[in-house]
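I opened my notebook on this entry to record, step by step, what I looked up.

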Amino acid sequence: MKRVALYAAALGFVVFAGFPFYWMLVTSFKQNRDLYVGASDMSHIPWIFNDPPTLEHVKLLLGQTDFPRWVLNTLVVVVAVVVITVAVAVPAGYSLARLVGRWGERMGMGIFFTYLIPPTLLFVPFSRLISLLGLQDSLGALILIYPTMTIPFCTWLVMGFLRSVPWEIEEQAMIDGYSRLAVILKVAPRLIVPGILTVVVFSFTLVLQEFVYALTFISSVNKMTVSLGVPIALVRGDVYHWGSLMAAALFTSIPLAIIYNAFIDRFIQGFTMGAVKG
Amino acid sequence: MAGIEIRSLRKHFGDLHAVDGVDLSIRDGEFLVLLGSSGSGKTTLLRMIAGLERPTSGEIHIGDQRVDGDVPPRARGIAMVFQSYALYPHRTVFQNIAFPLEASRTPRKQIEEKVRWAAELFSISRYLDRYPRQLSGGERQRVALCRALVRDPKVFLLDEPLANLDAKLRNTARDDLKRFQRQIQTTTVYVTHDQVEAMGLGDRIVVMERGKVRQIGTPQEVYEDPVDTFVATFVGQPPMNLLDAGDPSLPPRTLTGFRPEHFLPKSVFGSGEDLRTFRFAVRRVEYLGSDRYVYGSVAGSGAPDATIIAKLPATITLGIPEGETQEFAVPRRALRYFDAETGLRRKG
């Protein structure tokens with residue numbers, strides 16, 4: 001009886017999580033008539049193919065927009081921003097958590113608060129800065145600006161993560177013959193791998209969905225990222241190319257979902273389990 | 001092999017004086033226990049010896065080397081076992097034990113030999129290929145001790161290494177630890193809040209409270225001759241009874257103290273014994289198998305409601321009815337007197 005309830009609940013969650021994907025899939029391959037007729041014909045069933053599926057929307061997305069180019073641009077920006085974020089936020093979080101003493105916590109909070117300032121407030125001074133540097137309408141502008149969102153948040157994330165990693169393991173290494181620097185370079189990285197992975201995923205996600213800065217700094221269609229290019233190209237006035245929009249969403253979200261699922265164990269797994277406590 | 005000298009050592013965290021002027025001289029080969037409740041400064045003191053915490057002032061000497069300045073932990077010739085064991089989670093047991101040897105660039109073959117020897121000593125040879133998360137608490141603790149041992153340290157520092165073991169294991173682990181220390185004769189400083197552990201392990205015990213040393217002595221000295229009411233009630237389970245007996249032969253404001261095991265029905269003492277008798281109002285009797293604890297209060301004392309405990313061994317089968325007042329007595333040689341104001345011991 002308990003089992004049945006458990007499976008029923010699990011099934012409920014599967015449907016809940018899977019439905020948006022199903023909806024995107026169906027919409028991407030439906031003929032326009034099939035998509036829009038439901039608005040006037042109440043006997044129309046919306047979640048099945050009433051007319052044979054079509055590749056028309058996918059063709060529009062891949063052939064008549066710069067979608068492949070946007071994916072490439074997004075990848076370039078994401079990789080650069082992730083590398084910068086890890087390189088800055090991990091050492092920053094580590095030193096704030098481990099080396100500064102009780103000021104570390106307060107400084108960490110201060111850094112986190114900068115994350116709470118909305119892009120809608122910051123894009124004006126930033127655009128000034130970007131034009132000063134001559135980076136208007138280039139991916140360089142995004143690579144420079146995005147870390148201002150990712151670094152504060154990820155620094156704070158690493159600090160929080162390190163609180164769950166016992167300091168004692170690093171102290172033990174210092175007693176066992178390592179200098180502090182050697183501990184930071186050789187022992188600590190292994191201990192914070194799950195923290196680094198989390199940083200990667202968070203900055204990845206933040207960058208992927210960012211819209212305001214991209215809209216401000218990028219004007220050429222061939223320099224856009226997915227999150228900017230798709231709505232700009234496929235929403236024309238009040239005409240929404242729903243099929244193609246959904247196809248674009250599907251193509252970006254499925255690889256993401258697969259990556260998330262591959263790493264979810266690493267996040268949840270108590271990596272330090274067995275190191276401390278009985 | 002080395003002794004440790006500590007002179008007027010202080011550690012202040014802002015306004016908190018975690019260690020507040022400690023002088024301590026630990027002999028070569030001695031097993032010294034730092035005993036205190038949490039916040040007594042015992043762990044901070046240990047961490048300063050290890051070099052994990054920098055003293056605010058004072059001196060620490062290990063052997064003939066002064067270490068309180070800039071000598072990093074790795075150069076102090078110490079080994080430490082943390083309460084959490086601090087095993088490296090991504091290394092096998094073998095790699096964990098080999099870690100300090102690798103750090104000192106010991107040749108591969110020698111590492112192999114040494115790890116096997118130490119693992120043999122603690123009977124964990126079977127687990128060398130496992131990871132810490134696959135071991136039980138007792139096994140982890142032995143891995144941590146092994147890792148400490150292979151360094152050939154001048155001093156062992158142990159921070160409550162038995163606290164995470166379950167009660168059943170703790171007895172055998174304590175015995176193992178003591179035998180092992182006798183065998184290798186390395187100076188050991190052991191921190192605990194458990195007075196049974198302290199009594200059982202220590203050659204000498206240092207009782208600490210609020211950053212200060214209250215008493216240093218052998219387990220017997222600390223138990224039989226506590227210097228003040230704090231030590232008297234901290235060491236011993238149940239604690240020493242303290243009451244203002246209002247005895248006219250004593251100076252005013254004097255507390256009389258006696259251990260629960262000395263407080264027995266008057267009838268069990270021989271006639272030749274010099275006794276101090278109390279009228280004991282029995283409230284409740286607790287049967288614990290090897291002992292009976294009798295809770296009650298003493299009429300005519302300064303605080304007539306204060307709970308006094310008697311601990312009767314199972315060899316005394318006399319019935320103690322609850323709710324009645326009986327004659328209980330303590331041999332005069334077992335009485336200890338304290339100043340009620342300062343808590344300090346009064347001779348006599």
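Which residues does Leu157(B) touch, not counting residues up to four places away in sequence? I looked this up in what is a predicted model, and I found that Leu157(B) touches Leu46(B), Ile49(B), Ala50(B), Ile78(B), Met80(B) and Val189(B).

I then looked up the largest nonpolar core, which has 142 residues, and I noted that Leu157(B) is listed there with Val158(A) and Ile97(B) as the residues with the most contacts inside it. Helix 4 of chain A, residues 67–98, gives the most to this core, with 12 residues.

Next I turned to the contact between the chains, which takes 26 residues from chain B and 20 residues from chain A. On the side of chain B that touches chain A, strand 6 (78–81) and helix 2 (93–103) each supply at least two residues, and I read the classes on that side as 19 nonpolar, 5 polar and 2 charged residues.

Within chain B I looked up the division into domain 1 (4–233) and domain 2 (239–346), whose C-alpha centres lie 38 Å apart. The contact between these domains takes 7 residues from domain 1 of chain B and 10 residues from domain 2 of chain B, and the residues on the domain 1 side divide into 4 nonpolar, 2 polar and 1 charged.

Last, I checked the confidence values: the mean pLDDT of chain B is 90, with 98% of its residues at 70 or more, and the model scores ipTM 0.82 and pTM 0.79.

Methods
Residues are numbered from 1 along each chain as its sequence is written. Chains are lettered from A and ligands numbered from 1 in the order in which they are written. This is a predicted model: local features need pLDDT of at least 70, side-chain atom pairs count only at pLDDT 80 or more; totals for chains, interfaces and linings use all residues. Domain bounds come from an automatic or database domain assignment. Two residues are in contact if their C-beta atoms, placed from the backbone, lie within 7 Å. Ala, Val, Leu, Ile, Met, Phe, Trp, Tyr, Cys and Pro count as nonpolar, Asp, Glu, Lys and Arg as charged, and the others, Gly among them, as polar. A nonpolar core is a set of buried Ala, Val, Leu, Ile, Met, Phe, Trp, Tyr and Cys residues joined through C-beta atoms within 7 Å. A residue is buried if 20 or more other C-beta atoms lie within 10 Å of its own, exposed if 12 or fewer, and partly exposed in between; C-beta atoms are placed from the backbone. Helices (H or I, at least four residues) and strands (E, at least two) are DSSP runs, numbered from the N terminus. pLDDT is the predictor's confidence in each residue, from 0 to 100.
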